[in-house]
Amino acid sequence: MKEKFYITTAIAYTSRKPHIGNSYEIVLTDAIARYKRLQGKDVFFLTGTDEHGQKIEEYAKAAGVTPKEYVDKVAGEIRGICDLLGTSYDKFIRTTDSYHEKAVQKIFKKLYDQDDIYKGEYEGMYCTPCESFWTESQLVDGKCPDCGREVKPAKEEAYFLRLSKYQKQLEEFIEKNENFIYPEARKKEMLNNFIKPGLQDLCVSRTSFKWGIPVTFDDKHVIYVWIDALSNYITALGYDPDGPGELYKKYWPADVHIIGKDIVRFHTIYWPIMLMALGEPLPKQVFGHPWLLFGEDKMSKSRGNVIYADDLVNLLGVDAVRYYLLSEMPYASDGSITYETIIERFNSDLANTIGNLVNRTIAMQNKYFDGVIQPPVDAEPVDEELMGFAIDTVDRVEECFKTYRVADALESILNLAKRSNKYIDETMPWALAKDESKRERLGTVLYNLLEAIRFVSVLLSPFMPSTSEKIFEQMNCSIKDYESLSAFGALEDGVKVGKAEALFQRIDTEKMLSEIAAKQEAAAKAEEEAKPKDEEEKIEEISIDDFFKSDLRVAKILECEKIKKSNKLLKLQLDDGSGTTRQIVSGIAKWYKPEDLIGKKAIIVTNLKPVKLCGEISQGMLLSGEKDGEVAVTFVDLPVGAKIC
């Protein structure tokens, strides 16, 4: 009987189409699930969507549709991206599924009947995007401590879950089960910052909106996100307080919940206490992964730095996107993505290292032996190192997956490809081919290379399944099982390989970046043109305090040049009187030539957060005016560094 392995993602919130940072989690979880299947485990992989709440209700109202129509659309987009990225989930749950809603109502009623949920009144500061209540002391600079957004006072009748009742039991469980929260830093954070200082009972119902699962015995209330969303991990398996289904009996408890670091608290405090109250086993592990940032910033549509998975797939292909996501994310710190870095990794790792290895090995096999794999009968000491490296790679990958160091596992596989390329340089098959007496040695060298490539392909299959299959097709090889990697030499001789075809074509970096910039400019222009005129001209009132937050200074333009990747942007070097040169990127190339600006003095905003535009850092904004599509920079005759007030 196969060993079971139940793995889940956090379910995605259906507020809007997910960006590539959101997509990292599903690809990471898929790679783990595929690897466990490769090892022969009976895997159940769950993902899905979280579809209730006040924020959804507000989005739907703004869009002029019902909440159900709104979530149907976004859930479809989320599932479409999961499928586009080749993820192999076994079930996709939606919290609007009727079986889930009924099970959640029963869970709520059970907890109420046994006095783990009680009715009270909540008064505090409420953050709508996070759907969280906060006390004044928990706020950071008067704003939500989780997302930094504005909060508003709220008071309403609510039901509460008795977290305090289970605090000691939870604390003891976490300290006894040292691998329950991973990585270690997340465990210390939960214990020291949240649990040990004392848990407050949790608000688990709302009356101020209707888009949620109704409380069966009190129709003024809908069940709040925590019990609704977190319960998906068991309702998807057929959990029912009156008697769980067969899938639940088979797969629960979960072996690991893969979640973002920002929701570790919910999964390691609220969720375990819910399960304790229900009398059910706790998940074996919660792994809180870091974020994928755009450069150094969190992705945000308002910042204009959002990258979507489908756009990247159209540019690079599914497996290249999967490779970047899985290789670029560190174990415990945030990862980074920019178009420049993803193209660089594509060319260096995929085209030059893996693609080149496969292409030239199969090409040589066809050239020297008409494609027929020869038996390895003429060994030399240099072969042993390659063989040992391949076997060790299997062990290294297995060790990495024990603690979900997926990027490290992928690096080990890449290193085997690099070692194989080095073996080509060491053995020089082209030189052996010139000496008829070395024919058996040449056949052995190519056999060893093909076997090393087979190791790479088997190990690569959880990360890049399509690429792995293409390699096997070119090798005409059907030996793909994990057990075959226990020893070097399972590849059958006498088989004829296929035609060598490039797995990855090198990208012209400058050309692609230029095309991306052009598309971004066209999209921004289309969005601007589509904006209603009254929206363009609407002026939002601000306080004088808000105005004085902007630091306006006079600066002299020292240098100016066009950015090659863009028809719209100019790069300026300015003296702002601070003693250091400031670089600003401005979209005024249509109206000004660089030479027209050098030596002029203009007003700039100096305290904007730096952003990266077309690969160039912009440290502020050049003040200009726009009327009827024409733009003019505000030039002044004031001393450099003068403050505008």
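Asp 50, His 52, Gly 53, Glu 131, Phe 209, Trp 211, Gly 212, Ile 223, Tyr 224, Val 225 and Asp 228 together form the lining of the largest cavity in this structure, which is a predicted model. Aspartates at positions 50 and 228 and Glu 131 are among the residues of the lining, and Asp and Glu are counted as charged. Phe 209, Trp 211, Ile 223, Tyr 224 and Val 225 also belong to the lining; residues of these types are counted as nonpolar. In total, the structure contains three cavities of 30 Å³ or more.

The description now turns to the packing of two helices. Helix 12, which spans residues 318-328, and helix 15, which spans residues 406-427, have axes that come within 7 Å and cross at roughly 115°. On the side of helix 12, the contact is made by Tyr 323, Leu 326 and Ser 327; helix 15 contributes Val 406, Ala 407, Leu 410 and Leu 414. The contact of helix 12 with helix 15 has six nonpolar residues and one polar residue, with no charged residues.

Pro 183 is situated in the loop that runs between strand 8 (181-182) and helix 6 (184-195). Another cis peptide bond joins Trp 252 and Pro 253, and here omega is about 10°. The loop that holds Pro 253 lies between helix 9 (246-251) and strand 13 (256-260).

Asp 370 is not a glycine, yet its phi is positive, at about 55°. This residue is placed in the loop between helix 13 (339-369) and helix 14 (381-402). Is Asp 370 buried or exposed? Asp 370 is exposed because its relative accessible area is 51%, and the class of exposed residues begins over 50%.

Asn 476 likewise has a positive phi of about 55° without being a glycine. Its place is in the loop between helix 18 (465-475) and helix 19 (509-530). With a relative accessibility of 45%, Asn 476 counts as partly exposed, a class that lies between the limits of under 20% for buried and over 50% for exposed.

Note on methods
Residues numbered from 1 in each chain as written. Predicted model: local features only at pLDDT ≥ 70, side-chain atom pairs only at ≥ 80, totals over all residues. Heavy atoms only, no water. Helix = DSSP H or I, 4+ residues; strand = E, 2+ residues; numbered from the N terminus. Buried < 20%, exposed > 50% of the residue type's maximum accessible area, 1.4 Å probe, protein only. 1 Å grid on protein atoms, 1.4 Å probe; cavity = no way out; pocket = protein on both sides within 12 Å on 5 of 7 lines; lining within 4 Å. Points joined across faces, edges and corners; volume = space filled by probe spheres on them. Axes fitted to C-alpha atoms, helices over the stretch in contact; angles between N-to-C directions. Contact = heavy atoms within 4.5 Å.
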